[in-house]
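User: I would like to learn how to read local features in a model like this one. Please take me through them one at a time.

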Amino acid sequence: MSTGIVLPSERDASGRSFGSEERALLLEVLESGILFGPNGTKVRAFETEIAALLGTRHARAVSSGSAAVHTALAALDVGPGEEVITTPITDMGAISPILCQGAIPVFADVDPQTLNITANTVAERVSDRTRAIIVTHLFGNPCEMDPIMKLATERNIPVLEDAAQSYLAKYRERYVGTLGQIAAFSLQQTKQITCGEGGFVTTNSEALARRARVWADKGWNYDSEAADHEFLGLNYRMSELQGAVALGQVRKLTAMVENRVRVADVLRRGLADVAGVRPVPVSSHAVATYWRFPLLIDSEVVPGGPAALAGELKSLGVWSTPNYIRYPAFMCRQFRERVTFGQSDHPYSLHGDYPLEDIDDFPGCKTGLASVLVLPWTERHNDTHAAFIADRMTEAVDRLVRDAGQPTGESG
Ligand SMILES: Cc1ncc(COP(=O)(O)O)c(C=O)c1O
């Protein structure tokens with residue numbers, strides 16, 4: 001049943017938007033001969049424009065999203081033996097920097113419907129050692145921030161928003177990445193805007209912005225007359241080549257995100273009558289910006305659940321990822337066997353007898369990951385693509401129900 005429709009991919013030009021803007025800016029950089037960010041104009045212009053767009057005082061560009069999380073933790077001066085509460089459903093690049101600071105990641109369970117952490121799951125993990133809370137807006141769907149910020153403020157714990165997947169997502173009319181004390185974004189290939197690799201930190205705090213800049217430049221402060229290596233730091237600088245592409249992209253960000261959101265609504269409507277398939281819910285006071293399009297699959301209605309559905313969809317020309325990262329981060333070998341720095345057991349040894357996580361203590365994770373199916377999503381998806389996906393989803397579910405000899409359920 002060929003329709004000739006090939007869905008856009010975030011991995012190549014079919015789903016990405018590079019054009020004359022990026023080309024012209026890249027050419028300017030090459031012709032200037034200045035590829036080094038601190039001496040050029042493009043990285044600085046990118047910082048100014050993304051900060052203005054988000055409505056935050058400062059943006060500090062770095063070399064990746066992982067570097068952005070690390071820089072934000074270092075700006076907060078999170079240190080050895082301290083605890084950082086975070087989600088187990090995220091990219092490892094958001095967790096490893098905690099360990100690299102000598103701190104301990106403490107995992108909070110997630111809401112099984114959104115796969116986001118909540119104030120309740122965070123509250124269960126707060127201790128006297130909690131030094132920061134990382135709030136990840138998964139798939140571009142904002143966490144329920146008011147109760148999280150209330151808890152954090154009462155306990156005087158800074159909140160680091162991981163907005164790597166959530167450009168221009170809104171919570172109560174404010175962009176995510178401006179709600180906590182500091183935030184980290186990624187510009188890696190698949191994100192809403194990209195320069196291949198890259199990232200940045202946003203904050204309204206002058207002091208945190210300064211620490212971020214200096215830390216990501218080997219502790220060296222270029223802006224000071226009496227420059228010195230002020231404190232421990234790494235080279236996480238962004239180059240002018242990355243800066244040029246990122247600048248071209250930021251100028252198109254609003255239009256690209258608007259398209260993601262508009263077409264996501266078309267797909268939502270298209271899926272409304274498909275039994276057992278439901279888009280991840282978005283709070284009525286939030287706007288999700290669909291890094292990817294996550295669905296919850298009811299295995300009682302769709303035989304074989306997300307894995308079987310992904311198989312059928314693939315045969316019908318629709319790529320998807322069942323169960324997202326498959327298992328929570330703490331089940332990776334790095335955590336199960338605590339493979340960190342040689343045989344040192346650092347940083348866990350700083351903490352006495354910090355226990356291994358048990359999946360049974362994370363019912364939200366278990367349920368959420370077992371039911372989620374993630375569709376690729378890009379700014380180049382259009383109404384035809386959304387209709388095609390909805391049609392193929394209906395067909396895939398019908399086939400699974402038919403093959404299992406079950407009657408089709410009511411729409412759900
Ligand atoms: C939520 C989240 N945080 C952090 C990162 C790390 O970003 P990067 O791959 O640019 O290092 C990613 C990247 O996929 C991510 O999705």
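Analyst: Start with how elements are named. Helices (H or I, at least four residues) and strands (E, at least two) are DSSP runs, numbered from the N terminus. On that scheme, H351 sits in the loop between helix 11 (333-336) and helix 12. This is a predicted model, in which local features need pLDDT of at least 70, side-chain atom pairs count only at pLDDT 80 or more, and totals for chains, interfaces and linings use all residues. Residues are numbered from 1 along each chain as its sequence is written, and side-chain values use heavy atoms, with hydrogens and water left out.

User: Is H351 buried or exposed?

Analyst: Buried means under 20% relative accessible area, exposed over 50%, and partly exposed in between (1.4 Å probe, protein chains only). H351 counts as buried because its relative accessibility is 13%. Contact means heavy atoms within 4.5 Å. Leaving aside neighbours within four places in sequence, H351 is in contact with G81, E83, I104 and R129.

User: Which residues of helix 12 are buried, and what covers them?

Analyst: Helix 12 spans residues 363-371, and its buried residues include G364, C365, G368, L369 and S371. An α-helix has 3.6 residues a turn, so residues three or four places apart point the same way. The cover over the buried residues of helix 12 includes strand 12, helix 10 (305-315) and strand 14.

User: Which strands pair with strand 14?

Analyst: Two strands pair if DSSP finds at least two bridges between them. Strand 12 (residues 292-297) pairs with strand 14 in the antiparallel sense, over five bridges. There, R292 stands opposite P376. Strand 13 (residues 321-322) also pairs with strand 14 in the antiparallel sense, over two bridges. P322 has L373 as its bridge partner in strand 14. Strand 14 itself (residues 372-376) is mostly covered, with four of its five residues buried.

User: How do I read a helix crossing?

Analyst: Axes are lines fitted to C-alpha atoms, for helices over the stretch in contact, and angles run from 0 to 180 degrees between N-to-C directions. Angles under 35 degrees count as roughly parallel, over 145 as roughly antiparallel, 65 to 115 as roughly perpendicular, and the rest as oblique. A crossing is left-handed if the near helix is turned anticlockwise from the far one by less than a right angle, and right-handed if clockwise.

Take helix 2 (residues 42-54) and helix 8 (residues 240-250): their axes come within 8 Å and cross at roughly 30°. Helix 2 and helix 8 are therefore roughly parallel. Their crossing is left-handed. Among the residues in contact are F46 and I50 of helix 2 and L247 and V250 of helix 8.

User: What is the angle between helix 3 and helix 7?

Analyst: Roughly 125°, with the axes of helix 3 (residues 65-75) and helix 7 (residues 206-215) within 8 Å. Those two helices are therefore oblique to each other. The crossing of helix 3 and helix 7 is right-handed. H70, T71, A74 and A75 of helix 3 meet L208, R211, A212 and W215 of helix 7.

User: How many disulfides does the structure hold?

Analyst: A disulfide is a pair of cysteine sulfur atoms within 2.5 Å. The structure holds zero. For C143, the closest cysteine sulfur is in C365, 13 Å away, too far for a bond.
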